[in-house]
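Subject: Structure for you to look at

Hello,

Here is the structure I promised. Please open it alongside this note.

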Amino acid sequence: MTADPVEGQAPTRCGFCAIIGAPNAGKSTLVNQLTGSKVSIVSHKVQTTRARIRAIAMEGRAQIVLVDTPGIFKPRRQLDRVMVENAWAGAGDADVILLLVDGRPGLTDEAKAIIAGLPVGRANVILVINKIDLMGRERLLEVASDFGAAFAFDRVFMVSALTGSGTADVLAYLAARMPEGPWLYPKDQVADVQLRFMAAEMTREKIYERLHEELPYASTVETEGWEENKDGSVKISQIIYVQRDSQKAIVLGKGGQSVKLIGQLARAEMEKQFGRRVHLFLFVKVREGWPEDKERLRNMGLDV
């Protein structure tokens, strides 16, 4: 379903904004803030976003499709390489490229490497400096000046994605830069992802929250079964893949307590987001080398 201009109203606009940046810059938090809904998983750990996720933000007569990309970093394995390739691919055809940076460390070598990959001379490449609530004014102006000297951004915005400060200005700018045309999605849709994928992401988020060290990066979640029940509830079966037996033991926990708690938290999140009762069943399996398995990467929503 799309929307067409109504006589007497401004024409509808619709386009794409790719959000790129280093891991943990706050891309997912910004996407959730701009859409007003929880679309991407958020964690204090880096590299939580793995696939390109399309979120939909509305501003007046404009529909802005936000492409939340994986963080851009130096890849070390197949999963890393595919994530970085997907991040840059997400920026390729976008109407606006938004580089989001954590302003506190300033113009780091990591930020310089990303800037080096930006298309020179292209219109609508903007910089959004995040986490200004944790910075002083003088430091903020210094950082803005350094980034402005490194690349000719069309606009520079200063925001706190966490509190929402400054994000309304970003949304207004994006809306004005979207080309005229019909909306691609219904007005009340907030993401272009399958519910099976979203459910897997919710469980993965709870793994990030509950487990520590390197385990979350050695695990992935796939929704294997989705059964609709007559009473309106849904039965969801998911597999948590890890790479070693020792990791499986950590996920399960003593007497299965850890995976049970993860399941309880994930189920509560699903019921909140889906607005229905959820019966969640989690299974933990060992699959060595899954980050190098193209089938697993495709199931995670990555273009291989």
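Below is what was found in it.

First, the ground rules. This is a predicted model, in which local features need pLDDT of at least 70, side-chain atom pairs count only at pLDDT 80 or more, and totals for chains, interfaces and linings use all residues. Residues are numbered from 1 along each chain as its sequence is written, and side-chain values use heavy atoms, with hydrogens and water left out.

Overall picture

The chain holds 9 helices and 9 strands. Both are DSSP runs numbered from the N terminus: helices are H or I with at least four residues, strands are E with at least two. Of the 304 residues, 51% are buried. Buried means under 20% relative accessible area, exposed over 50%, and partly exposed in between (1.4 Å probe, protein chains only). Take the contacts with a separation of 6 or more: residues 24 or more positions apart account for 72% of them. Contact means heavy atoms within 4.5 Å.

The cores

The largest nonpolar core has 25 residues. Such a core is a set of buried Ala, Val, Leu, Ile, Met, Phe, Trp, Tyr and Cys residues joined through side-chain atoms within 4.5 Å. Ile 64, Leu 66, Leu 98 and Leu 174 touch the most other members. At least two residues each come from strands S1 (13-20), S2 (53-59), S3 (62-68), S4 (96-102) and S5 (125-130), and from helices H1 (27-35) and H5 (167-177). H5 gives the largest share, 5 residues.

Look at Leu 174. Leaving aside neighbours within four places in sequence, Leu 174 is in contact with Cys 17, Ile 64, Leu 66, Val 96 and Ile 126. There is also a second, separate core of 22 residues, which includes Ala 200, Leu 211, Trp 226 and Leu 280. In soluble globular proteins, nonpolar side chains tend to be buried together.

Around S5

Two residues here deserve a look. Asn 124 sits in the loop between helix H3 (109-116) and S5. Asn 124 is not a glycine, yet has a positive phi of about 60 degrees. Lys 131 is in the loop between S5 and helix H4 (137-150). Phi of Lys 131 is also positive, near 70 degrees, in a residue other than glycine. Asn 124 is buried, at 17% relative accessible area. Lys 131 counts as buried too, at 17% relative accessibility.

In H4, find Leu 140. Leu 140 is buried, with a relative accessible area of 11%. Not counting residues up to four places away in sequence, Leu 140 touches Ile 129, Ile 132, Met 135 and Met 158. Leu 140 and Ile 129 are 11 residues apart in sequence and 8.5 Å apart in space, C-alpha to C-alpha.

H6 (residues 195-210) has 16 residues and reaches 23 Å from its first C-alpha to its last, close to the 22 Å expected at 1.5 Å a residue. The expected span is 1.5 Å times one less than the number of residues. H6 is mostly covered, with 12 of its 16 residues buried. Among them are Phe 197, Glu 201, Arg 204 and Lys 206.

H7 (residues 245-252) and H8 (residues 257-274) pack at about 60 degrees, with their axes 5 Å apart. In H7, Ile 250, Val 251 and Leu 252 meet Gln 257, Ser 258 and Val 259 in H8.

Best wishes

Notes: Axes are lines fitted to C-alpha atoms, for helices over the stretch in contact, and angles run from 0 to 180 degrees between N-to-C directions.
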